[in-house]
Every structure is written in structure tokens, then in C-alpha cells.
Amino acid sequence: SDGKHVVRLDLDGTVVGTPQTIELGPEYEDDEDASRLFKRYLARVRSEDLLAALPRTGAEGLVGSYACKPCHAKAFKAWSNSQHAHALETLRGLDEDADPDCVACHVTRIEAADGYRPNSGSTKLAGVGCESCHGPARLHARNPSKYRMRKVSETQCSTCHSTERSPKFTFAQYWPRIRHS
């Protein structure tokens, strides 16, 4: 899945033994032909600007993580030093920042009308921000005592940290890295 595994089948007219799933870790060199095809795919995705063509839901009331900083300085500091805050930069380093399949998990709410926009000039929703996990914050920012933000649970994490995308992810192990209270 996602080019991270292959299945090995031993054949002698029929399948001999049990098929094996092999994780393609760093000990395996990238196949030159597969790498070339993937680069062509990324170039085509970029040239067709598929991010701009994504269907959008209605506006949700997103304000960006910097709106949280005045009241939640400690949480903001934990977030700003985390990999979540720099998730889009990770994709840029791999030249995968135009692929909707990748970008969706590396920015804040790309599917929302007021979510991340790659060509907007604004970076307030670049990265996995507070609203990726806690939900839209516009109403909370205006009246915090009336509008509470949702608590984060494993459900929010598993939207992106699925078995296919993050096979080694376990909530109990990774939550301490981003927890902020």
C-alpha cells in the first residue's frame, strides 16, 4: 500500500507456501523505474493543480493556530515545536506538496471552504494545526466560556494516522509527544 510494501509469492506453476508481505524500509533501494514513474506522477499532479480542484464543504469557522496563542501559550509552544506544525514542510522536502492524497493530512482542513489553500499566500493553516484536532475555533476565540473546543481522542488521530499511512502509530506511544494541557 502506498508503495510501502510488496507481496512475495513463490511460484512453481501454483503458489508455493504462504504469500509474504514485505515492508519496504530503508534497507531496500528504490527501484529506478518506479521512482521515475512516481516523479512523473508528481509532476502531472502539480501541473494539473489538483489541490485547487478539490471539492470543498462549507466554511467551518477556521482561524488558524496563531489565534489560539494569546490564551493557550503553553499549548501553542508545544504545538509550534512539534512535527505537526511543520508537516507541510516535510512534504515540500519530498516534492509531494501538490498531491491532494498527501497534503490532506499535512495541513488544516483542506476540504473546508475556509481551510488550507496552497496559493492563498497565507500560511495560517499550513501544517497540522490546533483546529485539525480540536475543530473550528472562530466561535471559541470570540467567547471561550460559551463555546468549548473538543477534547482530542484517538479518533481524531486515526483520521490521518491510519494503518495504511502510519503502520507503527499507536495512540498511547505517540500522544505524549504532542500532548499539551
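Q: How far apart are the mean positions of the positive and negative charges of the chain?
A: They sit 14 Å apart, counting 25 positive and 24 negative charges. Keep in mind that this is a predicted model.

Q: Ok, and which residues form the negative surface patch?
A: That patch is made of Glu 29, Asp 30, Asp 31 and Glu 32.

Q: Where's Asp 31 found?
A: Asp 31 is in the loop that links strand E2, residues 15–23, to H1.

Q: And why does Asp 31 count as partly exposed?
A: Its relative accessible area is 46%. Partly exposed covers the range between buried, under 20%, and exposed, over 50%, so Asp 31 falls in that middle class.

Q: Switching to Arg 46. What element is that in?
A: Arg 46 belongs to helix H1, which spans residues 32–47. With a relative accessible area of 37%, Arg 46 is partly exposed too.

Q: What does Arg 46 touch, leaving aside neighbours within four places in sequence?
A: Arg 46 is in contact with Asp 95, Asp 97 and Ala 98.

Q: New topic, the greasy side. Which residues make the nonpolar surface patch?
A: Val 7, Leu 9, Leu 11 and Val 15 do, and the patch comes to about 380 Å².

Q: Which strand gives the most to the nonpolar patch?
A: Strand E1, residues 5–11, with three residues. Leu 11 is in E1, and at 61% relative accessibility Leu 11 is exposed.

Q: What box do the C-alpha atoms fill?
A: Roughly 70 × 40 × 25 Å along the principal axes.

Q: How much of the chain is buried?
A: Buried residues are 29% of the 181 in the chain. The chain exposes about 12400 Å², and 52% of that comes from carbon and sulfur atoms.

Q: Last one, what share of the contacts with a separation of 6 or more is between residues 24 or more positions apart?
A: That share is 52% for the chain.

Methods. Residues numbered from 1 in each chain as written. Predicted model: local features only at pLDDT ≥ 70, side-chain atom pairs only at ≥ 80, totals over all residues. Heavy atoms only, no water. Buried < 20%, exposed > 50% of the residue type's maximum accessible area, 1.4 Å probe, protein only. Contact = heavy atoms within 4.5 Å. Areas by Shrake-Rupley, 256 points an atom, 1.4 Å probe, with all protein chains shown as cover. Lys, Arg positive; Asp, Glu negative; His and termini not counted. Charge placed at Lys NZ, Arg CZ, Asp CG, Glu CD. Helix = DSSP H or I, 4+ residues; strand = E, 2+ residues; numbered from the N terminus. Patch = residues over 30% accessible without salt bridge, like charges linked within 9 Å, V, L, I, M, F, W, Y side chains within 5 Å. Salt bridge = Lys/Arg side-chain N within 4 Å of Asp/Glu carboxyl O.
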